[in-house]
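Work through the exercises below with the structure in view. Try each task before reading its solution.

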Amino acid sequence: MKTILFDLGNVLLKFSHERMCEQIAELFESSVEEVKAVLFDQKSMLRFDRGELSEREIQQQLESALGKKSDLPSLQRAAGEIFTPNPGMRELLDKLKQRGLRLVLLSNTCVTHINWIRENFDHLELFDDLVLSYEVGAVKPQREIFEVALQKIQCNPHECLYTDDILEYVEAARTYGLNAEQFTTPENFRATLREYSII
């Protein structure tokens, strides 16, 4: 194996969309259900993750739907302050890096979340490259985002191990020739690395 391809959410960092909706609802003095209707029922979050909406446009949609104004920094905090480290994963990244493996991130995410993570955690500093849905304009399991990932790993697909907590994305990755295993816990992932003779 030459490259490890990582998902971000619930792999490197735990996160909660529920908490995000609760915090945005509190900011707008609204209900969680109303926030979810805007972000998920109307697929605004999906469009945000694909880079089709800007932070300002998301802000305007929420203000229009919920009938209250908000400043952007407060909204960024409400949306971003939802991540906590997955125990042991930061140290594992260090170990893999020291062994000379190329590390690439493949994530369905938005600019708000990436900026928050960069400001509050140092995980991304260890990566050689990032494949982010809002920059690519496509989300997993779409073909377009996997094609970018296959370029960024800089090795043959069979020389790369991909891990993701969502089984659908793991199965999609295998169709491109990648070794792919579902992430459940840091302990199980370490076992996977041993099975592939990586550690």
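**Exercise 1. Describe the lining of the largest pocket by residue class.**

Solution. Keep in mind that the model is predicted. Start with the classes: the lining of the largest pocket holds 9 nonpolar, 7 polar and 6 charged residues. Next, take the volume, about 460 Å³. Then look towards the centre of the largest pocket. Of its 22 lining residues, Phe15, His17, Asp49, Asn108 and Tyr169 are the closest to that point. Last, find the main contributor. Helix 3 (residues 44-49) gives the largest share of the lining, 3 residues.

**Exercise 2. Find the largest cavity and say what lines it.**

Solution. Begin with the count: there is 1 cavity of 30 Å³ or more. The largest cavity has a volume of about 120 Å³. Helix 1 (17-28), helix 3, helix 4 and helix 5 (72-80) each provide at least two lining residues. Finish with the classes: 11 nonpolar, 3 polar and 1 charged residues line the largest cavity.

**Exercise 3. Work out how helix 2 and helix 4 are set against each other.**

Solution. Take the axes first. Those of helix 2 (residues 32-41) and helix 4 (residues 55-66) come within 10 Å and cross at roughly 135°. Helix 2 is therefore oblique to helix 4. The crossing is right-handed. Now check the contact. From helix 2, Glu34, Val35, Val38 and Leu39 meet Gln61, Leu62, Ala65 and Leu66 of helix 4. By class, this contact has 6 nonpolar, 1 polar and 1 charged residues.

Conventions. Residues are numbered from 1 along each chain as its sequence is written. This is a predicted model: local features need pLDDT of at least 70, side-chain atom pairs count only at pLDDT 80 or more; totals for chains, interfaces and linings use all residues. Side-chain values use heavy atoms; hydrogens and water are left out. Axes are lines fitted to C-alpha atoms, for helices over the stretch in contact, and angles run from 0 to 180 degrees between N-to-C directions. Helices (H or I, at least four residues) and strands (E, at least two) are DSSP runs, numbered from the N terminus. Angles under 35 degrees count as roughly parallel, over 145 as roughly antiparallel, 65 to 115 as roughly perpendicular and the rest as oblique. A crossing is left-handed if the near helix is turned anticlockwise from the far one by less than a right angle, and right-handed if clockwise. Contact means heavy atoms within 4.5 Å. Ala, Val, Leu, Ile, Met, Phe, Trp, Tyr, Cys and Pro count as nonpolar, Asp, Glu, Lys and Arg as charged, and the others, Gly among them, as polar. On a 1 Å grid over the protein atoms alone, a cavity is a set of points where a 1.4 Å probe fits but cannot get out, and a pocket is an open set with protein on both sides within 12 Å along at least five of seven lines; lining residues have an atom within 4 Å of a point. Grid points are joined across faces, edges and corners, and a volume is the space filled by probe spheres set on the points.
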